[in-house]
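Welcome! Here is a short tour for anyone meeting this structure for the first time. Take a look at the picture, then read on topic by topic.

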Amino acid sequence: MREQWKTFQAGWETVREKMRRPDDKKRESSPNDPRVVATRRSETIAAGLLGLLVVVHCVFAGSLVSKTYLDIGDGNYMYTASRMADGLTIYRDFLSPQPPLHLVVGSVLVRLSRLFGEGLYEIPPALVAIRVFSIALRAAIFVLIYLLGRRLTQTPYGGAVAAWVYAFLPIGLWWSIPYESEPLEIFWLLLSLWLFLSLEPRRMALSGCFMALAVLTNMTAAPYALATILYLIVRHRWRLFLHFLVPCAAVVFLIAGYYQIRTGAYYQNVVFNQVGSFPRTGLASYVFGKIASQGAKILFREGGFILLALLGLILYNRTDNRSDREYVVWYALALLCSVFYVSKGGTADYIFSIAEPAVALFVSYFLCQFFYPSTFRRFLRRNVASDTSAIAQGLFMLLVLALVLSPGLSFIHAVVTQKRSESGPFEQTEADVASIENRILYHTKAGDRILSDPYYAFLTGRLLIEEYSELYLWCLKYDLERWRNEPGEAAEKVERIARELEGRRIPIVVANESPANPLTLRVPEIRRAIDKFYKPVFGKGELPKTMSFTMQVFVPRTDAELDAEP
């Protein structure tokens, strides 16, 4: 009976619509209609809030552009992008664990920056170009979050709230400043999702193309592509499934196939090197421990936001009846599960930035459900003298706000001030970088090959010996070859570098002495050659030191110094 009553109501509404007088329809669509005016005002205010966010972001992020050493991956990606701009080929001429799109974009930016000349500015034009791109990319993500938030909450304010919440999520705020692959991946994923939700064949084809670009930016997007394909098979059969799958698969296989044919090493770099980052023994305890430790960091910094997002997701799943509800719910849950990516070697809490769009969207949904404008109006109209519950309600809201924001505020402050602390985000301040940069420039000339973290080579325009830039993966490959007792590519590279060091043909070495993250110095042959044929530049009290870095500079010993050795 209930279904029959609903059918009758729908039919009756259709009859009433057809019988409605033309002047009624004209009056409803009139620009002066109060509902139209209110909607237009809401649209304007929400768009203004989005515009304000973009302006604040550009000013804030622009003020942070400097030579600060942000992250080892940032320096590696910028150096390899500059070498691609010089004509080298990814995977063949140097090691890279990522799909090509991120580095291809970087190489284009470096080529464009060279139109402005080099060596003429305090900050290299290539560094400025890459930082400006990162700023613009995050602004574009704000716009996509706004559009998706509007659709999710069915109100312009919901889109604005989602964008502002996303801007203050501390992990993504930090990780958007260096040149990393995750922000570009997030952009493609959101663009794909926005087009997908229309469930219209042409847009579905574009959605598949953008999903392919996400996979070609970072392999962490592959599970989301597979989950989307599975959903289409189960729910929408062949029509929409083929519109999504064919362009997605075509783009991925064409580009991956091109690089595999050209270099012969695409799958070795992008797939097998990733698998090799897991330990060979004690895998279960390693994975559990890594998820527990990094998950605790994520919960400390964003736990309040995650809780509100989960509440919003529960509400959305129970109350929303739109056709795309099921997909949105499972897609959001899949994004939240990005925390499990920390189990991979070299991956830490930053990977949760992939989930932050879902967190922001469903925090906005929760807030729009419980704190809509009429709630505030009723709060303001209460007579506080006769009913103190209004004061209590205000205190409750302040406590919720403090609970959500306070854990991440110190981290956000560290990002803004670019200072390193025990929980801070950056590797070295600009002053520490300058001290090392000056020594590289003093001891080398343009075109020299050095042994260093790739960021310093990129900053000074020097080349790395043997293109030894992907320090973490080279160490893993070296350890794996020693464990198997099968010397291979990594052992041969280390042997060539050691010979150059023994001949003192490398004019300077910059290496991290910290036991927490030695990388270059953890390779015995390289360590022995440096200890014997090189001398440190910094004294113990002068070392640029942070939680994970104790950076030392080494220069060749003279013949007299070597002869004086016992």
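This is a predicted model: local features need pLDDT of at least 70, side-chain atom pairs count only at pLDDT 80 or more; totals for chains, interfaces and linings use all residues.

A salt bridge is a side-chain nitrogen of Lys or Arg within 4 Å of a carboxyl oxygen of Asp or Glu.

**The chain at a glance**

- The protein chain has 566 residues, and 49% of them count as buried.
- Its secondary structure comes to 24 helices and 5 strands.
- Take the contacts between residues at least 6 apart in sequence: 71% of them join residues at least 24 apart.

- The protein chain has a mean pLDDT of 84, and 84% of its residues reach 70 or more.
- Where is confidence highest, and where is it lowest? The highest mean, 96, belongs to helix α9 (residues 181-196), while helix α2 (residues 22-28) has the lowest, at 45.
- Over residues 18-28, pLDDT stays under 50, and the model has 7 contacts for this stretch beyond four places in sequence.

**The nonpolar cores**

- The largest nonpolar core holds 131 residues; Trp188, Phe196, Val359, Phe362 and Tyr456 touch the most other members.
- Which helix gives the most to this core? Helix α6 (residues 125-153) does, with 11 residues.
- Another core, of 26 residues, lies apart from it, and its members include Tyr468, Leu471, Leu476 and Ile526.
- Leaving out residues up to four places away in sequence, tyrosine 456 touches Tyr69, Gln428, Val433, Ile436, Ile440, Val510 and Met551.

**Salt bridges across the chain**

- How many salt bridges does a search of the whole structure find? The search finds 21.
- One of these pairs is arginine 150 with glutamate 43, whose closest N and O atoms are 2.9 Å apart. Because arginine 150 lies in helix α6 and glutamate 43 in helix α3, this pair ties together parts that are 107 residues apart in sequence.
- Both partners are partly exposed: arginine 150 has a relative accessibility of 28%, and glutamate 43 has 27%.
- Arginine 131 is in helix α6 and aspartate 74 in helix α4, so the pair ties together parts 57 residues apart in sequence.
- Are these two residues buried or exposed? Arginine 131 is buried, as its relative accessible area is 4%, and aspartate 74 is buried too, at 0% relative accessibility.
- Aspartate 86 and arginine 114 form a further salt bridge, with 2.9 Å between the closest N and O atoms. Since aspartate 86 lies in the loop between α4 and α5 (101-113) and arginine 114 in the loop between α5 and α6, the pair ties together parts 28 residues apart in sequence.
- Aspartate 86 is partly exposed at 40% relative accessible area, and arginine 114 is partly exposed at 28%.
- These two also belong to a network of salt bridges that links Arg83, Asp86, Arg114, Arg449 and Glu467.

- Tryptophan 474 sits in helix α21 (residues 471-484), and it counts as buried because its relative accessibility is 3%.
- Setting aside residues up to four places away in sequence, tryptophan 474 touches Leu95, Glu467, Tyr468, Glu489, Ala490 and Lys493. From tryptophan 474 to glutamate 489 is 15 residues in sequence and 9.2 Å in space, C-alpha to C-alpha.
- Lysine 67 is in the loop between α3 and α4 (72-85). At 12% relative accessibility, lysine 67 counts as buried.
- Beyond its neighbours within four places in sequence, lysine 67 is in contact with Glu122, Ile123, Pro124, Leu127, Glu430, Val433, Glu437, Tyr455 and Leu459.

- Ile45, Leu49, Leu52 and Val56 make a nonpolar surface patch of about 300 Å².
- Leucine 49 is located in helix α3 (residues 34-63), and it is partly exposed, with a relative accessible area of 31%.

Technical notes. Residues are numbered from 1 along each chain as its sequence is written. Side-chain values use heavy atoms; hydrogens and water are left out. Patches are made of residues with over 30% relative accessible area and no salt bridge: like charges are joined within 9 Å, nonpolar side chains (Val, Leu, Ile, Met, Phe, Trp, Tyr) within 5 Å. Accessible areas come from the Shrake-Rupley method with a 1.4 Å probe; for residues, only the protein chains shown count as cover. Helices (H or I, at least four residues) and strands (E, at least two) are DSSP runs, numbered from the N terminus. Buried means under 20% relative accessible area, exposed over 50%, partly exposed in between (1.4 Å probe, protein chains only). pLDDT is the predictor's confidence in each residue, from 0 to 100. Contact means heavy atoms within 4.5 Å. A nonpolar core is a set of buried Ala, Val, Leu, Ile, Met, Phe, Trp, Tyr and Cys residues joined through side-chain atoms within 4.5 Å.
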